[in-house]
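Colleague: I am new to this one. Please walk me through how its parts pack.

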Amino acid sequence: MLINKVSDQIKRSKYISRDLSWLRFNYRVLDQARDTNKSFFDRLKFLAITSSNLDEFFMIRVGSLYNYLDYGKERLDYSGLRELPFRKKLLDYAHRYVNDQYLTFSSELKPLFEQNGFDILKVSDLTEIEKKKVDSYFKNTIYPLLTPMVYDNYHGFPLLMNQLLTFGVVTRTNEEVKAQDRVTFVQIPQNLARFYEINRKDKLVFVPIEEIIRGKIKKLFRNVEIVSVNLFRITRNGDFTLEESDDLEADFVQEIKAKLKTRKKGRVVRLEIERNPSQFMLRILKERWTIDNANIFTVNSLIDLRGLWQIINHRQFKDKGFKQPSAVLPLSMPSDGVDLFEYLKEHDVLLHHPYNSMEPVVSLLERAAEDPSVLGIKQTIYRLADQSRVTAALLKAAENGKHVSVLFEVKARFDEERNIKEGERLEKAGCFVIYGISKYKTHTKMMMIIRKEGEKVTRYVHIGSGNYNEQTARHYTDVSLLTTNEVYAHDVSEFFNVITGHSRPNEYKYLMTSPKGMRHQLIELIRHEARNAKKGLKSGIVIKINSLEDREIIDEMYKASKAGVPIKLIVRGICCLRPGREDLSENITVKSIVGEYLEHTRLYYFHNNGDPKLYSGSADCMVRSFDRRIEALFLIVNDELKREAINMLYWNLLDNRNSYIMREDGTYVKKRPVSTEETVDVHKLFYNKNYTEVENLELV
C-alpha cells in the first residue's frame, strides 16, 4: 500500500525528480554498453563510465540528501516526497540499476573476453609458472605496502579511505581465556595497478589484485585463526553544500584545501560488498557508519568496474575501439593556416567541437604569448588538461612581460587540487590570479587577448560552452566563438571587470549573465514566444542543454506550451520537466542524445516571429546556474553563424541513432529509424557537412 502511495505521489507531480532523472540518464549510458553495433571495447568503455558516474552520483547527489538527513534539514523533492520516503525510493532504484549494470557485465560482456584477446582470471586458474610470477609480485611489490588495521577494545576504528578496495578480515585468537572475534581492515593501495598482467601466446590475462591478496592474506595474520575474509568498498559524502562559507573575507584557497581533507572522512553513503559477508563485521560497519541495508550493495562479481580502464587503455587494444575521424575546418574558416590575428578582424569564427579542432584557440593563445604586439591576456579557467598547453602559454606570456590575469575556479568539482596547483605556478611566474569568487562558482568560459596594432588596440575574444581542456575537447561536443567584434569585446571586458574587481555594469548588449539577470531574461524570451503565439504569430523554442531543473523556467515553458508555443528540448542528462502531459505540456517534446561523444553544447533558440534569437554559452537551466554560479550566454548575431547554429539544432532534432525520447512518466525509449527513414547519426554527420548544405532550415 505504501509503495503504491509513493508511486502515485510521483506520478501526480508535474515535475520529475532530479535524482531519479539522473539515474535514468545513467541507464542510457548503460544502453551503450549493451549496443551490439558498437565495438566490444567501446561497450566495455561505456560500462566503466557508468561506474564512474555512479560513484559521483553517490558522493554528490546521495551525499547531498544525507546532508539534509544528518543535519535535520527539511527537503521536499520535485517528486513531492519528503527526505525519508525519497531516500527509500532513490536507493531502491539504485539497487535495480546496479543489478542491471552487473548483469550487463556478467551476461553480455564477460562471455566475449576470450574472443577479444584477454580474460580476467583468478590465481587458481593460472599455470604453475604464472603462479610463481604472481607470488614474486606479491612478495616484492604488494606485501610491503599492506597495512593491517585492527579494531577491537584496544584499537580505535581506523579511517578507511573513500572508494578503495578493502578487506575486512575477521580473526579469532583461542589463546585467550575467552575466544574473541575481532576485525582487521586491509586497504589495497591506490597506486597499484588493479590487475596483474600476464602475456600468454594467445591472449592477455588480467588477475585482479584483490584475488592475489586474498590468496596470501594469511601472511598478514600469523598464528591467528581467520574466520572470514570480506572484500568491500565504501563511498563517502563528497558534497559540501551546507558547509560552504559565505564569509567574503575568508582565505578561500585555504578553505577549499581544508574541505578537500574532509572529503576523506565524510559520512559513508554506500557500502559495496561481496556476497555472504561476515555478519559480525557487517554489524560493526552498519553501527559505525549509521547505515542500513538500503545503503549496502551486494556484488557477485568485480567490485568497482572503473578498473576496466586498465584493459580498455592497454596498448595491445588501442586500435580496437572507436576510431575518431580527423577534425574538419570550421565552416566559417574555410582554409587552413590562416593568420587568425588578421582573419578575425574581418570574420567571426564559430567552432563546433570535436568536429572542429580546439587547435585554433590554443594556437592563438600560444602565438599571443610570443607576439610582442600583445599587451595582455585575460582568461577564466574551470578545467584543464594534464600537461596543459593553455597553462604553458600563459606562463610564457608572463615570462615575456605581458599582463596576464586568470580566474582559476578552485571549486571545479574533483579538479580543485589541480587548479590550485596550476594557479600557484602562474602566480610565481607573475600572473595576476584569482581563485574563484567565494559565494559563486565561476563556470563561464572566456578569453580575451589585447593586442596593439598601430595606433589602435584590438581585443580578440573567445567565448564558449566548453572548458579550456585540449583532451576533453576531442570527446565533448561544444560550441565556441572567436571574434574581434567591438560589442562582444566591450561586454567581455566589462564582465572581466565584474569577476576580477568590484564593478556592476547596468547591462550587456550581447551577453546574458548570472547570477544577475539570466533567469529573468530567459523567462522574458519564453514569454515573448507565448505572446506571439496568442497573437497568432509564428513562435517556437528549441533548446539544447545538459540539464533542465530550474522550476521557474519549467513553469514558464508549461505556460508557453498552453499558449500554443511548440517547444523542442534536447536535454542530455537531468530533465525535471514532464513533457506531453494533457493540459500542461502537450506542445513540449524532450529527447536526449547519448552516444560516442558527451553532448556538452548549450544552444537556446527563440523563433521571434521569423527573426530568431540564438544564444550559446556555459549555462544550463539549473538553479545553481542561475543563483550560485557565474555564467554567460552570448548572442549569435552574425547571420551566417546563426544559420550554422540553427543547422546544428536541426540535425540534432533529426538524429535517430543516438536519441532517446522522454515519455510523460519520465521514462525514455530509444528512437530507431523506421524502414523508410535514413539513419541520421550526428556524431558522424558533422564531419561531412559543408557550406552548400547549410541552408535556411526551419526548426519549428
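Modeller: Start with a helix pair. Helix 3 (residues 40–71) packs against helix 4 (residues 83–109) at about 165°, and their axes are 12 Å apart. Axes are lines fitted to C-alpha atoms, for helices over the stretch in contact, and angles run from 0 to 180 degrees between N-to-C directions. Helices (H or I, at least four residues) and strands (E, at least two) are DSSP runs, numbered from the N terminus. The model is predicted: local features need pLDDT of at least 70, side-chain atom pairs count only at pLDDT 80 or more, and totals for chains, interfaces and linings use all residues. Residues are numbered from 1 along each chain as its sequence is written, and side-chain values use heavy atoms, without hydrogens and water.

Colleague: How are helix 3 and helix 4 oriented to each other, roughly parallel or roughly antiparallel?

Modeller: Angles over 145 degrees count as roughly antiparallel. Helix 3 and helix 4 are therefore roughly antiparallel. Their contact holds 19 nonpolar, 3 polar and 4 charged residues. Here Ala, Val, Leu, Ile, Met, Phe, Trp, Tyr, Cys and Pro count as nonpolar, Asp, Glu, Lys and Arg as charged, and the others, Gly among them, as polar.

Colleague: What is the strand order in the open sheet?

Modeller: Strands pair if DSSP finds at least two bridges between them. The open sheet has 6 strands in the order 2-4-3-7-8-9, with mixed pairing. Strand 2 (149–151) and strand 9 (296–299) are the edges, each pairing on one side only.

Colleague: In which sense do strand 8 and strand 9 pair?

Modeller: Strand 8 (residues 268–274) pairs with strand 9 in the parallel sense, over 4 bridges. Glu272 stands opposite Phe297 in strand 9.

Terms used: Angles under 35 degrees count as roughly parallel, over 145 as roughly antiparallel, 65 to 115 as roughly perpendicular and the rest as oblique.
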